[in-house]
Amino acid sequence: MRYIGKEMSRVDGVAKVTGRAKYAVEYKVNNPAYGYIVQSTVAKGRISKIDTSKAEKLPGVLKILTHQNALKVEEEGRQFRALQSDNVLFCGQPVALVVADTFEQARYAANLVEIEYAKEEPSTDFSATPRVQTRGPAPRGKPAEEFANSPVKIEAEYSIPIEHHNPMEPHGATAFWEGEKLTVFDKSQGVYGVRGHLARSFNIPEGNINVRSLFVGGAFGSSLNVNYYPFLAALAAREVKRPVKLSLTRRQMFTGHGYRPYTAQKVSIGADESGKLRSIIHEASTNTSSYEEFAEGTTRFGRTLYECPNYDSPYYLLKTDLPTPTWMRAPGAVSGAFAIESAIDELAYELKIDPVELRLINYAEKDPETGKPFSSKALRECFTAGAKKFGWEKRKFAPRSMRDGDLFVGWGTAVGTWGAFQAPATAKIRVRNDGSLLVGSGTTDIGPGTYTVCTIIAAEALGIEPKKIEFVLGDTELPKAPSQGGSITTASVGSAVYGAAGEVRRKLLGLVDKKEGSPLFGAAFEDTELVDGMLRLKSDTSKSMRIVDALKEGGVEYVEVEYQSRPSAERQNYTTMAHGAQFVEVKVDESLGIIKATRVVEATACGRIINPLTSHSQEMGGVVWGIGMALHEATEIDHRYGKMMTTNLADYHVPVSADVFSVETDFVEEKDEIVNELGIKGMGELCLVGIPAAIANAVYHATGKRVRDLPITPDKLL
Ligand code: MOS
């Protein structure tokens, strides 16, 4: 491999740091107007009166949209749409949109929109909400009976508060109409999803709509489902007959795009004295809204984690008068792992078995759920490599037994898993006889480095230097690709790019293989390769010709292919997952309760690494996210008003540089020929999954105090 597996800086890096990269509301459009959303101040009830007359008189105000004059969407369904009725479903619901010549005029006018509500009592207190059981697989074996019969038992309850994605770029869109044609620049993880949503909203053909999302300043799931504001921007643009820019403020983002739901869990583990697991019952409840059912599979990955013959994982929803939650990095998996991997740690102390050892005693060699083999699973190697690097053998077993001066030192571990998913994706490649090359797919790059890895894969498969390749994405004019979510993009779109490059080679060969005297006369496709700008025989590399010459020889200006890759049928015979082992050191000041995650070693096995530079960056980002989840992040709600209170970055704490110390991420590479031709598994969520549990386990080891409610703030240790 010439380019795959070698470090490469981001191809879009210079554009991003110089400001040349334009985000959704930064595009230059002619004579834009600006929108500002007015939000409900109550959580439940009806709008009894809405008076826009004062606001309308202000200079610059062009239009105020409310439920009384906004287009009603005909599509059936319970997805939230703004300004459709006088019904108030959550605090912060958009109830009007002011459009003005400037953002400042719109925001000021928004304050003068007068609204009266017929209020009802909201219900947002999770502990007071009845739970409703939802989907889920049948129990495996006889979990309740086996738990009752187990000689060693652990039963514990865990909770995680609502958490919010806080990407740098606020959510927003620029929309304009040219006759019947609509163009929307959106901050999105999937331009095709937004296009379909807008087509259904306006009842116009998808072909009339172009959605672009060329650069995204972070999203983490918050732009995976289509949010309500692109429709509002497009509607406003149609009303005022001008381009409209609409952006949420940081505060509005807390109710504008969903969040990680509140999660309550109970784990019951039954084991033998030897440490062998006999039964796990993992219950989870997450909150949803009153108008949509959002469930995230909190208990899903636990079922494949350990060799355990009896397993149950009931899942419940709590309906609340809050906006609907959404996907947030490693949705379900990280929440589930916090409970399961904390409980396994509790079991380790109960049995006096080293927590790494206990996990290896129960190592699942095959998928315990289906009996299928794993396509690859180098978790054991992750434990070995991670423990060695961390120095785990120097760990003293007992809690409160390790110190650094006045500080207690704790070492904790946990496992992370995520599915090695792949979805159908299409890429196109055009190679011109002037040597220029265009590769494209309608995927997005929300930050992981998709522009770069797709460039690397194209370079490898086409035998052309990366700097000569332009990879384009984020545009519904490009062939269809799935949304960037679930850590599927490189496996899906990368496979499409790789396959498209193969088809380019087939076409190039077709131009020259029938010409007597050509060095590739009669060559079989399988015996050819593209290397160094040449099409050549693998068996005799002297039989070669330049790609541009092949095009000239064939008398064509360019060849172009569109290729769709799909997950292989062979995957069905295997369980395809990525795994990782995490090791964390914390230091705790007992008199102040302050916890620092001083050292993290994470070893992950996620197939082949295409670009080590951006991949390590992904894994480090996941670790930092895990530090935030374990120690800092929480959205507080005032249940009297059903109102989210910590809706700014002063009150909603995210980790800053001063909270992050040594973070080392290592890959244990797997050669997995089942997952896809290139052996790619996702990693962007995997890296986070075990971290909060590993930190909580380290805090217990340091202090002897088991905190089961995230975040582990100083007050919980005092
Ligand atoms: Mo991610 S929550 O799959 O965007």
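Predicted model: local features only at pLDDT ≥ 70, side-chain atom pairs only at ≥ 80, totals over all residues.

Visitor: What is the order of the strands in the open sheet of seven strands?
Guide: The order is 3-5-1-12-9-10-11, and the pairing is mixed.

Visitor: Why do strand 3 and strand 11 count as standing at the edges?
Guide: Strand 3 (61-66) and strand 11 (209-212) each have a single partner strand, so one side of each is left without a neighbour in the sheet. Between neighbouring strands of this sheet the turn is 20° on average, direction ignored.

Visitor: What makes strand 9 and strand 12 a pair?
Guide: Two strands pair if there are at least two bridges between them. Strand 9 (residues 172-178) and strand 12 (residues 244-247) are joined by four bridges, so by that rule they pair. They run antiparallel, and alanine 175 has valine 244 in strand 12 standing opposite.

Visitor: Which helices pack on the sheet?
Guide: One of them is helix 5 (residues 191-202), which touches strand 9, strand 10 (181-186) and strand 11. The direction of helix 5 makes about 145° with that of strand 11. Helix 6 (residues 229-240) packs on the sheet too, touching strand 1 (33-39), strand 3, strand 5 (94-100), strand 9, strand 10 and strand 12. With the direction of strand 9, that of helix 6 makes about 35°.

Visitor: How do you know that strand 5 pairs with strand 1 and with strand 3?
Guide: The test is at least two bridges. Strand 1 and strand 5 have six bridges and run antiparallel, while strand 3 and strand 5 have five, also in the antiparallel sense. Both counts meet the test, so both are pairs. In strand 5, leucine 97 is the bridge partner of isoleucine 37, and alanine 96 is that of threonine 66.

Visitor: Why is strand 5 called mostly covered?
Guide: Seven of its seven residues are buried.

Visitor: Why is isoleucine 64 called buried?
Guide: A residue is buried if its relative accessible area is under 20%. Isoleucine 64 has 3%, so it counts as buried. This residue is found in strand 3. Leaving out residues up to four places away in sequence, isoleucine 64 touches Thr52, Ala55, Glu56, Asn69, Ala96, Leu97, Val98 and Val113.

Visitor: How far is the C-alpha atom of isoleucine 64 from that of glutamate 526?
Guide: The two C-alpha atoms are separated by 63 Å, and the residues are 462 residues apart along the chain.

Visitor: What makes serine 223 buried?
Guide: The cut-off is again under 20%. Serine 223 has 4% relative accessibility, so it is buried. Its place is in the loop between strand 11 and helix 6. Beyond residues up to four places away in sequence, serine 223 touches His171, Lys187, Ser188, Gln189 and Gly190.

Visitor: How many cavities of 30 Å³ or more does a search of the whole structure find?
Guide: The search finds two. A cavity is a space where a 1.4 Å probe fits but cannot get out.

Visitor: What lines the largest cavity?
Guide: The largest cavity has a volume of about 80 Å³. Its lining has 13 residues, and the closest to the centre are Phe301, Gly302, Ala333, Gly336 and Ala337. Helix 8 (333-351) and strand 18 (407-419) each give two or more residues, with helix 8 giving the most, four residues.

Visitor: How do the residues of that lining divide by class?
Guide: In the largest cavity there are seven nonpolar, six polar and no charged residues. The second largest cavity, of about 50 Å³, is lined by seven nonpolar, one polar and two charged residues. Among them are Arg359, Lys377 and Phe383.

How values were computed
Residues numbered from 1 in each chain as written. Heavy atoms only, no water. Axes fitted to C-alpha atoms, helices over the stretch in contact; angles between N-to-C directions. Contact = heavy atoms within 4.5 Å. Buried < 20%, exposed > 50% of the residue type's maximum accessible area, 1.4 Å probe, protein only. 1 Å grid on protein atoms, 1.4 Å probe; cavity = no way out; pocket = protein on both sides within 12 Å on 5 of 7 lines; lining within 4 Å. Points joined across faces, edges and corners; volume = space filled by probe spheres on them. Nonpolar A, V, L, I, M, F, W, Y, C, P; charged D, E, K, R; others polar.
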